[in-house]
Amino acid sequence: MSDGSFRMTVLGRTIEHLGTQMYKHRAPSIAELVANCWDAGAKECWLTVPTAAEYDPGASVISVKDSGDGMSENTVQDHYMVVGRNRRETDHGMVHNRKVMGRKGIGKLAGFGLATKVTVTTWTAAQPKGLRFSMQLDQFRVAAGKADDIVFPWSQVDKPANSAPHGTEVELSQLRHGSPLDLDALAETLTRRFSRITRREMKIYLNGSPLPEPTIDWLFQTEGDDGFLEAEIAEGKTVRYKYGFAKSPLRSKELQGFVVYANERTAQAPPFFFNVESTASSQHSTRYVSGEIVADYIDTGTDSESDLISTDRQEVDWEKEELKELKAWGEKLTRKILRDCGEMMGEELENWVIADSEFGARLDRLDTPTKKQIRGFLKVLGQQSAKNEPRTRELAESLIRAYEFRMFHDVIDHIEEVSTDPAKLAETLGRLHDWKVLESRAILEIVKGRLSVVNKLEAMILDNAPETASKITHDNLHDLLAGYPWLFNPEWQVFVEEKSIGRQLREWGQQDVPQDMADKRVDFLAFEKDAEDIVIVELKRPGHAVTFDEIQRLERYQVALMATRPRCRRVLVYGGTLTVPKTKLPGLEKDPDLQLLPWSEMFHRARKFYAHYAAVLNGDVSDPAFSQKQKEVVATRRLLEMGTAHRSREQRKEGLGNQDP
């Protein structure tokens, strides 16, 4: 064997469509490379991924190495270099006594979803040396409609030390993402992307450690062969499935819902509930349910026409006729599981409260009908709040206390009104606890004042108020929202207004700022209070028709800020009119990192939120933030008396207004 060259014929934009665009997310791209290890007969697969401290897009390397067959010169040229080769047609769906995972012949391109350079080193037991070649993304940039014969020189290399007698290593360099991979999230994703059988027959290591099994404290799990049950959903169509209910909410989306496996690999990624979660009873149980479905029959074909699974193995085409039985069965099962989980969680909370010595003694002092009613409410509350959590104890305390003080019949009436909705019940009880259900004219004035601010927002929307102050009027939406940032979302913490991206990145420790972004300004930046993710907020006046270029510009802002804050999404507040090509709109609507927020929706949400607060304010209160509330009352009175949201220079120096909901 001597040095030489491999050749690949590529039609224009093939790699762009099949590599960089089809594998947009890094974890699925890595999973595709791991699947190639399986199809090569590997018993081990080693992933090496730089840590956050080590990560440097220009210098870091991501490596996927296996103990599979390896490839000879002829195998690389005749098989690996053929884009679109359907391995199942030649191998009849089996290799090394395993079901073949690959099908479309493009998994080799997945590396270009992470890097612009892919280096392959491969060696076989029959050859004394291995061979190595590299592929650069720029080599594939062929004009649309044209074909090109691309040459990849290869050279002989020594077999890697301390490696299996045969195998392949794929190294990804010149990485395309500015932020490092979350290694814990990657491990969790890979664990869910490959079945237990796969991970048993091929050990997967991440930076030297085996992939850990998810740790879930179960309240309930199905019993059967390894926890699996079996169902024949139609003649010749059998599935195996298992599920369980966690004792506390599952924080990771990867662990929530079902994952559907076919041929030991993901066909439908989690969290998946057969799209019934929005209409099922006990829909709040989705945070506690985790399960697996094995449906090999949906991926038994060898031709392209019978393919039911997306290329990146993220989702199944559920509209296909071949899947109607599985879809109907899954919908019915999921509705039952969510209902059962809700009932079980409710009973757990009810029993926990009754067994508590303090709560039990207080319940015993109430009459029998009242105790029965409270127990019913506890069952509903249990679908939203887990036992043993401090917040849950506070909610139970508020519920019992509301009945202990008979003067609060209006509060009890409201509890009864929301008693069928776990989220609303938890929200109501939470407010009762936080405000101690005590009368306070100061807080009531704040709530009424906030409703007046909301009404001011409505008037400005209807008047097509400008985004910023102008020669015609000082009154503007930007100043109103800066003075009352809770209007955006009560759960956000707005911390920046009208700041250049370059300055913000430097404050976050990023000195290398893209020149085209240095002077670009964002309207607002906010933390989401639960996760502290960054939200980029861009305002467009109500009468402005948003263009596709403006949406793309906001995305470029996001990409720049992700250099230091990878968990970042964007929100565009606009008047409800989009001048976007019809072909682009579905992609925008499905983009998880983009929220198109009409002014009307923001207004209605704010009004509903604070009107509901005003309805429960009856009783005395002790508020530790009372001085802040007093300042807000003064600011609100000034707004109402002057009739303008414009802030003076002195008021701007005071910074953003109070944001407590």
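1. Basis. The model is predicted, with local features needing pLDDT of at least 70 and side-chain atom pairs counting only at pLDDT 80 or more, while totals for chains, interfaces and linings use all residues. Residues are numbered from 1 along each chain as its sequence is written, and side-chain values use heavy atoms, with hydrogens and water left out.

2. Aromatic pairs. The structure holds 17 aromatic pairs, where rings of Phe, Tyr and Trp (its six-membered ring) pair if their centres lie within 6.5 Å, and planes under 30 degrees apart count as stacked, over 60 as edge-to-face and the rest as tilted. The rings of phenylalanine 272 and phenylalanine 274 have centres 4.7 Å apart and planes at 50°, so this pair is tilted. Phenylalanine 272 and phenylalanine 274 are buried (under 20% relative accessible area, with exposed over 50% and partly exposed in between, for a 1.4 Å probe and protein chains only).

3. A pair across the sequence. Phenylalanine 488 and phenylalanine 524 have ring centres 5.1 Å apart and planes at 65°, so they are edge-to-face. Because phenylalanine 488 lies in the loop between α14 (477-483) and β18 (492-500) and phenylalanine 524 in strand β19 (residues 521-528), the pair ties together parts 36 residues apart in sequence; helices (H or I, at least four residues) and strands (E, at least two) are DSSP runs, numbered from the N terminus. Both phenylalanine 488 and phenylalanine 524 are buried.

4. Charges over rings. The charged end of arginine 240 sits over the ring of phenylalanine 228 at 4.4 Å from its centre, and arginine 393 lies over the face of phenylalanine 359 at 4.6 Å from the ring centre. The criterion is NZ of Lys or CZ of Arg within 6 Å of the ring centre and within 35 degrees of the ring normal.

5. Cysteines. With a disulfide taken as a pair of cysteine sulfur atoms within 2.5 Å, the count comes to 0. Cysteine 37 is in no disulfide, the nearest cysteine sulfur being that of cysteine 45 at 3.7 Å, and cysteine 37 counts as buried at 2% relative accessibility.

6. Backbone. A cis peptide bond, with omega about -5°, joins proline 270 and proline 271, and proline 271 lies in strand β16 (residues 265-272). Asparagine 263, in the loop between β15 (257-262) and β16, has a positive phi of about 60° although it is not a glycine, and asparagine 263 counts as buried at 6% relative accessibility.
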